[in-house]
Structure formats: structure tokens, C-alpha cells
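Thanks for coming. Please have a look at the model before I go through it.

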Amino acid sequence: MATRRPAGARTGAWTAERLAHNKIGQDDRPRRSAKKIDTTTAAKAHAHVPASAADGGNSASLLLFGGPYSNVHALSALRERAEALGIAPQHCICTGDVVAYCGEPEATVALIRAWGCHVIAGNCEEQLAQLASDCGCGFEKGSECDRLAQGWYGFAMQRVSADDRAWMGALPKTLAFSLAGLRVRIVHGGLDIANHFIFASEPAVIAEQLERSGADVVVAGHAGIPFIKKTARGIWFNPGALGMPANDGTPEVWYGRMAVGREIVLSTHRLAYDHEAAAASMRRSGHAEAYARALISGRWPSLDVLPPAERAASGRRLRPHRLAIPARAAAIKQPSERAR
Ligand SMILES: [Fe+2]
């Protein structure tokens, strides 16, 4: 059975009060957590999306991706893909967990910083920035995921510089903007909890989150399996993780796109990359052999966090998702009082 920590259980919680529209903006509301985020620095780093792409553009495309997980080989391949697609760095958004399981934390941070895409903080950035003793992924104490995390998190902590930790600590926890009339919000896991695992098989959870989101589309990561779920309350879009396969028995990883033309098209995409090199890098350091095998096999070493449906689908090749929304339909739901 899933061994997920319940919502509200960790210190990275924050609540919604305001969304910035017509531009990508970070959520700068007071947080229940005692964590101090340097919003001035983060604002400088994340306030450069051209208006033509963020709102009202008719040919804009966003590239979206979750956890690079210290997998510099996959991140490099994605950057090449973005360049091949003609998607500028300011139109690329990472939902956090830049550093986690794989073998090259410093190089991955250096590459994503040099690329200049948007990044929000995942639980790993929050924990590393604070020199916390664990990854904050939300794994149940004593579970296999928890045991494995002790290996890779300790390795990552040793390999991340003070300067990179400062960068992580200054990352925003969310972004909000409008795209061709759709209100879009970027979070790491859930609305309130960074390490909330949310999967496609949980429609009630998704509907509840969307109801409170104040957005038409919520883009989230953390859970590691790509999906697009349309509900009466809006759309939940997990573009998948970049640094680890999706437990579907293939070594390829995933990213997503939101393209604006005559309609707005949300889609998920496979990305082949040099996974043998990524696994070899992990084996040189020897810190997480089980995840090195996962890069090759496409199967996770532990299914602790998965609900029954996702667990049953282990090793089954995923199909890409595509959802088209009429651009002029704009908002999927009427703004509620709580969303304003
Ligand atoms: Fe995460």
C-alpha cells in the first residue's frame, strides 16, 4: 500500500492568497513555515517572461519538466530538445527537485542555472538549502524509499556547494501566470504541501486541489509519472520527471508542452538520452545502485509511494498524452471568490 505522508505533514507548507496574472510571478505571500525565502533575489531571476508568450500570444509554446534529479545527461538532452524546438529558456519551466537520486548534482545545478529557465523549489531544494538531515520527499519512515534516500541524499549534500544552496534557498515555491486566457499555476507537489504525491488515479484529490487553486491549469511534479487529467474544475498536468524513468519499463524520461495556436495543446513527450552514461556515473560514486539499475530497466526500485492503479501499471509502456482546449474558450471555470 502507499506509504505517503499526509497533507500538512511537513514544514514546507504554504497557502494560497494571491495569484499574479498577465505575467509569470512568484507567490510572495506569508507562509506558515518558518522558512525564509529571499523573494527579492528570486524575483530578479524569474520575472523575465515576454508578455507575448505569457499572455495573449498566438504562437507561444512552453516546455515543462519535473525533477532532473542530478541527471545532467537527461537535462542536457532536454536543453538540446528545447533549442531544436525553438523554445527560449524563459519559456521553459522546471517544477523542482533539480538535485536528487543521480550522480552529478553540481553539474546539473550548473547546467540549469546556465540555461536560465524558470525553476521553482522542490522539497529537495528546500531541504538542501537548510542543510536538513533528510530529503523531505515524504517517504514513510522505514520504507524502502526512505532507506534508499539515505544513500542518495547524503551524497547530494556532500556535492552541493554553499553557493548552490543559496540559489536553491532563493527559488520561488510557485509561479502563476496567464496563457491565452488560461490561468496557469506551477507547483512542486500539491497546492499546500511540496511533497504531496498526486497521481492520475486520484480524481477526488485532484478535483479538491483544482477547486482551491484559483487556476485553470495546475502544473505539478514530485510524483514522477506524467499525466494530464481534465476535470470539471480544471486540468492537472504532471509533465513527468526528467531524471528518472516513469516506471514503465523503458529508460526514456518525460517532459511536457503547452502550445498556443488556434487552440491550446497540452502534451507529454518521451525523451531518449544517454541513460547508460547516467547509470555509469552513478556506479562510479556507488551511492545509489538501485536507482542506477532503474535508469536502465525503467522500473523503480520501490513502489512504496504508488496508489494501487499506478502500482499495477508498473512496467507497462506509457503512451504520450495530448489534450487540446479551444483558445477562445479561455477559462474552463468561472473564477470563484476564493480564487481572487
Ligand atoms: Fe519532490
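This is a predicted model: local features need pLDDT of at least 70, side-chain atom pairs count only at pLDDT 80 or more; totals for chains, interfaces and linings use all residues.

Residues are numbered from 1 along each chain as its sequence is written.

The protein has eleven helices and twelve strands; these are DSSP runs numbered from the N terminus, helices being H or I with at least four residues and strands E with at least two. Of the 340 residues, 53% are buried. A residue is buried if 20 or more other C-beta atoms, placed from the backbone, lie within 10 Å of its own.

Now strand 5, residues 175–179. Five of its five residues are buried, so strand 5 is largely enclosed by the rest of the structure. Leu175, Phe177 and Leu179 point one way, while Ala176 and Ser178 point the other way.

Strand 5 pairs with strand 6, residues 182–186, in the antiparallel sense over five bridges; pairing requires that DSSP finds at least two bridges between two strands.

Last, Val218, which sits in strand 7, residues 217–219. Is Val218 buried or exposed? Val218 counts as buried because it has 28 C-beta neighbours inside 10 Å. Val187 is 31 residues from Val218 along the chain, yet their C-alpha atoms are separated by 7.3 Å.

Notes. A residue is buried if 20 or more other C-beta atoms lie within 10 Å of its own, exposed if 12 or fewer, and partly exposed in between; C-beta atoms are placed from the backbone.
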